[in-house]
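Trainee: Could we zoom in on the surface of this one and then follow it wherever it leads? I'd like the cut-offs spelled out as we go.

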Amino acid sequence: MLNTFMLEGNVTVDPKINIYTKQGGDKFNTANLYVAVARNKDEADFLSVDFTSPKTVEYVKNYVRKGDLVSITGSLRMDQWTDPDGTHRTKLKLRGYRLDKLRNGKNHTDAEPNESSDDFAPDNESDKILF
């Protein structure tokens, strides 16, 4: 069964790096990017994409900034939970596993060249997040 998305757009804010602790006490990081993807000349969709692979998170943390043009490949995830008031909730999430930086934003100060994240393939172990 195929579950893949591809998008290209501009990073709208600097990436957010989150630190979580698993049940066993091990810590892991995730990275979150907000990307504006053009629908047409006048409209865009603003999407949130999460990354869990340690190598990709490190790359995003060090080299991706607001304004960068990126290409992302990943998969869709459906999160489900129940609010404290008993309301059942669902949210479709985008989980990225490949990030290609196509161009630096205007105010980018890093010397890092545009590059592909080929070395940052999905990490199956980090994909299994247990709380």
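Mentor: About 8700 Å², with carbon and sulfur atoms supplying 49% of it; that's a Shrake-Rupley area with a 1.4 Å probe, and for residues only the protein chains shown count as cover. Before we go on, bear in mind that this is a predicted model, where local features need pLDDT of at least 70, side-chain atom pairs count only at pLDDT 80 or more, and totals for chains, interfaces and linings use all residues. Residues are numbered from 1 along each chain as its sequence is written, and side-chain values use heavy atoms, leaving out hydrogens and water.

Now for the surface itself. Leu76, Met78 and Leu92 make a nonpolar patch of about 280 Å². Patch members have over 30% relative accessible area and no salt bridge, with nonpolar side chains (Val, Leu, Ile, Met, Phe, Trp, Tyr) joined within 5 Å and like charges within 9 Å; a salt bridge is a side-chain nitrogen of Lys or Arg within 4 Å of a carboxyl oxygen of Asp or Glu. Leu76 sits in strand S5, residues 69–82, and at 33% relative accessible area it is partly exposed. Buried means under 20%, exposed over 50%, and partly exposed in between, again with a 1.4 Å probe and protein chains only.

Thr82 belongs to strand S5 too, and it is exposed at 52%. Leaving aside neighbours within four places in sequence, Thr82 touches Thr87 and His88, where contact means heavy atoms within 4.5 Å.

Of the 131 residues, 34% count as buried.

One of those buried residues is Tyr59, at 3% relative accessibility, whereas Tyr63 is partly exposed at 28%. They're four residues apart in helix H1 (residues 54–63), so about one helical turn separates them.

Methods:
Helix = DSSP H or I, 4+ residues; strand = E, 2+ residues; numbered from the N terminus.
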